[in-house]
Amino acid sequence: MIKLTIDDQTIEVEEGTKVLEAAQQLRIKIPTLCYHKALPSYGACRLCLVEVRQNGGPVSIQASCNYPAQEGLVVKTDTERVIKTRRIMAELLLARCPDSEEVKRIAK
């Protein structure tokens, strides 16, 4: 089992679990458009971005749907940087798909 922290909550998950799946187990909502449990994740929509820090290293922004849970990983899902970056991604999706009701809902 792998132990990581998401929004100050510690969780243990099986190896191979993605950060998005671990967050869902904690009932932490992370927006996503392209993720589906039955399909391999590839991070196309980029709405599920989170901040990650491994072993006190630098903070980076990653797509949670395809970022593997790792021992000691610290994840933040609601920082100002994360929200701003998700907003930009939603705006880009809206510019590309202005007639999509789901994209409009997410962008709103």
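**Note on the predicted single-chain model**

1. Charges. The chain carries 16 positive and 14 negative charges, and their mean positions lie 4 Å apart. Bear in mind that this is a predicted model.

2. Fold order. The chain holds 3 helices and 5 strands. Their order along the sequence is β-β-α-β-β-β-α-α.

3. Overall size. The C-alpha trace spans about 45 × 30 × 20 Å along its principal axes.

4. Of the 108 residues, 34% count as buried.

5. Contacts along the sequence. Take the contacts in the chain with a separation of 6 or more: 44% of them join residues 24 or more positions apart.

6. Main core. The largest nonpolar core has 22 residues. Leu4, Ile6, Ile11, Val13, Ile30, Leu73 and Val75 touch the most other members. Strands S1 (2-6), S2 (9-13) and S3 (49-53) each give two or more residues to this core, as does helix H1 (19-25). H1 gives the most, with 4 residues.

7. Leu73 up close. Leaving aside residues up to four places away in sequence, Leu73 touches Lys3, Leu4, Thr5, Val19, Val52, Arg53, Gln54, Tyr67 and Pro68.

8. Another core, of 5 residues, lies apart from the largest one. Its members include Leu47, Ala90, Leu93 and Val103.

Conventions: Residues are numbered from 1 along each chain as its sequence is written. This is a predicted model: local features need pLDDT of at least 70, side-chain atom pairs count only at pLDDT 80 or more; totals for chains, interfaces and linings use all residues. Side-chain values use heavy atoms; hydrogens and water are left out. Buried means under 20% relative accessible area, exposed over 50%, partly exposed in between (1.4 Å probe, protein chains only). Contact means heavy atoms within 4.5 Å. Lys and Arg count as positive and Asp and Glu as negative; His and the chain ends are not counted. The place of a charge is taken as NZ of Lys, CZ of Arg, CG of Asp or CD of Glu. A nonpolar core is a set of buried Ala, Val, Leu, Ile, Met, Phe, Trp, Tyr and Cys residues joined through side-chain atoms within 4.5 Å.
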